[in-house]
Amino acid sequence: MTAAREDIPIAADEDVVRVRQIVRSFAQRAKLSLVDQTKLVTATSELARNTLTYGGGGAAVVELLGEGRRQGVRASFQDSGPGIPDTALALTDGWTSGRGMGLGLSGARRLVDEFDLDTEVGRGTTVTVVKWSR
Amino acid sequence: MSAVERIPILKIGDVLLASIQVDLQDRDVLALQEDLAEKITATGAHGVVLDISAVDIVDSFIGRMFATIAATSRLFDAHTVVVGMRPAVAITLVELGLTLGEVRTALDLEKGLAILAELGERAPR
C-alpha cells in the first residue's frame with residue numbers, strides 16, 4: 001500500500017526535482033496520459049520553484065484524488081513569503097517580479113484543470129492545482 | 001546539498017554535443033551553460049547540439065537556459081540546435097507559452113548536425 005499523500009519540504013534546488021519525481025509517480029498512479037503527466041509535472045515544477053524563489057521556501061503537499069470513476073492528483077504549494085499584492089498582474093503572461101520570464105503562474109494555470117491562488121501580503125501564498133484523468 | 005551534476009560535453013569535428021541524461025536541477029543547467037561557453041572558446045567549435053531525448057520535462061527555467069546557451073554561443077560564432085524533444089514535452093511547452101528564442105530544433109541528432117553543417121556553409125569562414 002502506497003501513501004495517498006506526500007508532504008515535501010521545499011528549501012533547496014534539489015527539492016524542486018523531488019517534487020517533480022513525486023508528482024510524476026502520483027500522476028502515473030492516477031493513470032493520467034503521458035501528455036497530462038508531463039503538463040502536471042511541468043506546472044508543479046514552476047510552482048515549486050516559485051515557492052523557493054519568491055516565497056523563500058515552504059512545502060508541497062501532493063495527494064491522490066478519487067471521485068467516482070475518475071482519478072486525479074492535487075498538488076498544493078505553500079509558503080510564508082511576502083505574498084502577491086496584485087494577483088491579476090501576477091497571472092498575466094510575461095509579468096515577472098524577479099528572474100524568469102513571467103510564465104510560472106500563468107503558464108502553470110494553463111497546464112492544469114483546476115487552479116487556486118490564495119495569497120495575502122505579508123502572510124504568504126498557497127497555490128493549489130488539480131489534474132484529472134480523462 | 002548534492003553536488004552539481006556535470007553534463008559531459010563531447011566534440012565531434014567542430015560541433016560540441018551535450019546529451020542530457022539526468023533530471024536537471026537549476027544549478028546543473030547553469031553549470032552546463034558555463035561549461036559550454038568555455039569549451040566553445042577553447043575549441044573554436046561552430047556548433048552546439050543539446051540532446052534532450054532523455055529529458056521528460058522542460059519548464060520555463062530550463063527552456064530559458066536553452067535560449068541563453070544559444071544566445072551566448074552566437075557571441076562565439078556558434079549555432080545551437082536542440083534535438084530529440086519528446087512529443088509530450090513539445091505539447092506542454094507550447095501550452096506553457098514558452099518560445100525558445102533563437103534556438104533551432106531538429107527531430108534527431110542526424111538532422112541537427114545537418115542543420116549545423118548547412119548554417120556553416122552559408123557563412124563560409
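This is a predicted model: local features need pLDDT of at least 70, side-chain atom pairs count only at pLDDT 80 or more; totals for chains, interfaces and linings use all residues.
According to the UniProt annotation, taken from an unreviewed entry, a STAS domain covers residues 5-116 of chain B.

Five of them form an open sheet with mixed pairing, in the order 1-2-3-4-5. Strand 1 (9-12) and strand 5 (104-106) of chain B are the edge strands, each pairing on one side only. From one strand to the next, the twist averages 25°. Within the sheet, strand 2 (residues 15-19) and strand 3 (residues 47-51) of chain B run parallel and are joined by five bridges; Ala18(B), for instance, has Leu50(B) in strand 3 as its bridge partner.

Helix 1 (residues 26-43) of chain B lies across strand 1, strand 2 and strand 3, and runs at about 160° to strand 2 of chain B. Helix 2 (residues 60-75) of chain B lies across strand 3 and strand 4 (79-83), running at about 150° to strand 4 of chain B.

Turning to chain A, Gln28(A) is found in helix 1 (residues 13-29) of that chain. Gln28(A) has 12 other C-beta atoms within 10 Å and is therefore exposed, the cut-off for this class being 12 or fewer. Although Gln28(A) and Val73(A) are 45 residues apart in sequence, their C-alpha atoms are 9.6 Å apart in space.

Technical notes
Residues are numbered from 1 along each chain as its sequence is written. Chains are lettered from A and ligands numbered from 1 in the order in which they are written. Two strands pair if DSSP finds at least two bridges between them. Helices (H or I, at least four residues) and strands (E, at least two) are DSSP runs, numbered from the N terminus. Axes are lines fitted to C-alpha atoms, for helices over the stretch in contact, and angles run from 0 to 180 degrees between N-to-C directions. Two residues are in contact if their C-beta atoms, placed from the backbone, lie within 7 Å. UniProt positions are given in the numbering used here, feature names are shortened, and annotations may be inferred rather than shown by experiment. A residue is buried if 20 or more other C-beta atoms lie within 10 Å of its own, exposed if 12 or fewer, and partly exposed in between; C-beta atoms are placed from the backbone.
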